[in-house]
Amino acid sequence: QVQLVESGGGLVQPGGSLRLSCAASGSIVSINAMDWYRQAPGKQRELVAHTSRGGSANFADSVKGRFAITRDNALNTVWLHMSSLKPEDTAVYYCYASIWSPGSDWSDYWGQGTQVTVSS
């Protein structure tokens with residue numbers, strides 16, 4: 001069974017920084033996309049950052065220049081580096097991964113979510 005476990009959320013002041021991490025564990029042959037989404041109260045879940053196995057990355061316009069995404073394929077881990085945080089970045093952040101497990105096809109997996117609150 002595959003699991004995504006996130007950590008690193010919390011309360012931060014505007015202008016501050018946080019780093020989120022997401023580690024995949026279980027029966028894994030390969031991981032393709034590893035992404036970060038977020039969902040603010042009353043809003044739809046949105047894609048924040050995407051990274052492919054090869055390392056290419058894309059970001060939502062709202063976070064470009066402020067957020068970075070890195071991954072370590074050997075550790076099956078992805079990080080979201082957030083800086084110059086704004087109150088509007090407040091949301092529950094979710095890790096997503098497309099994973100190939102033995103005996104099955106590529107499947108979508110989600111982490112449990114971690115709260116990020118930006119407030120003074």
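Predicted model: local features only at pLDDT ≥ 70, side-chain atom pairs only at ≥ 80, totals over all residues.
Local features require pLDDT of at least 70 and side-chain atom pairs count only at pLDDT 80 or more, whereas totals for chains, interfaces and linings use all residues. Residues are numbered from 1 along each chain as its sequence is written, and side-chain values use heavy atoms, with hydrogens and water left out.

Four aromatic pairs were found in a search of the whole structure. Rings of Phe, Tyr and Trp (its six-membered ring) are paired if their centres lie within 6.5 Å; planes under 30 degrees apart count as stacked, over 60 as edge-to-face and the rest as tilted. The ring centres of Tyr96 and Trp110 lie 5.2 Å apart with the planes at 55 degrees, so this pair is tilted. Tyr96 belongs to strand β9 (residues 91-100) and Trp110 to strand β10 (residues 106-110), 14 residues apart. Strands are DSSP runs (E, at least two residues), numbered from the N terminus. Tyr96 is buried at 11% relative accessible area, while Trp110 is partly exposed at 38%; buried means under 20%, exposed over 50% and partly exposed in between (1.4 Å probe, protein chains only). Tyr37, Tyr96 and Trp110 form one aromatic cluster.

The charged end of Arg45 sits over the ring of Tyr94, 3.8 Å from its centre, and also over the ring of Trp110, 4.7 Å from its centre. The criterion is NZ of Lys or CZ of Arg within 6 Å of the ring centre and within 35 degrees of the ring normal.

Strands β9 and β10 pair in the antiparallel sense over five bridges, pairing being assigned if DSSP finds at least two bridges between two strands. Ala97 stands opposite Tyr109 in β10. The hairpin of β9 and β10 has five residues between the strands, and Gly103 takes a positive phi near 80 degrees there.

Arg66 lies in the loop between β6 (57-59) and β7 (67-72) and is buried, with a relative accessible area of 11%. Its side chain reaches the backbone oxygen of Ser84 at 3.0 Å. Apart from residues up to four places away in sequence, Arg66 touches His81, Met82, Ser83, Ser84, Leu85, Lys86 and Asp89 (heavy atoms within 4.5 Å).

One disulfide was identified, defined as a pair of cysteine sulfur atoms within 2.5 Å. The sulfur atoms of Cys22 and Cys95 are 2.1 Å apart. The pair links Cys22 in strand β3 (residues 18-25) to Cys95 in strand β9, 73 residues apart. The S-S torsion is about -80 degrees, so the disulfide is left-handed. Both Cys22 and Cys95 are buried.

Technical notes. Helix = DSSP H or I, 4+ residues; strand = E, 2+ residues; numbered from the N terminus. Polar contact = N/O pair within 3.5 Å; in protein donor to acceptor, adjacent residues only side chain to side chain.
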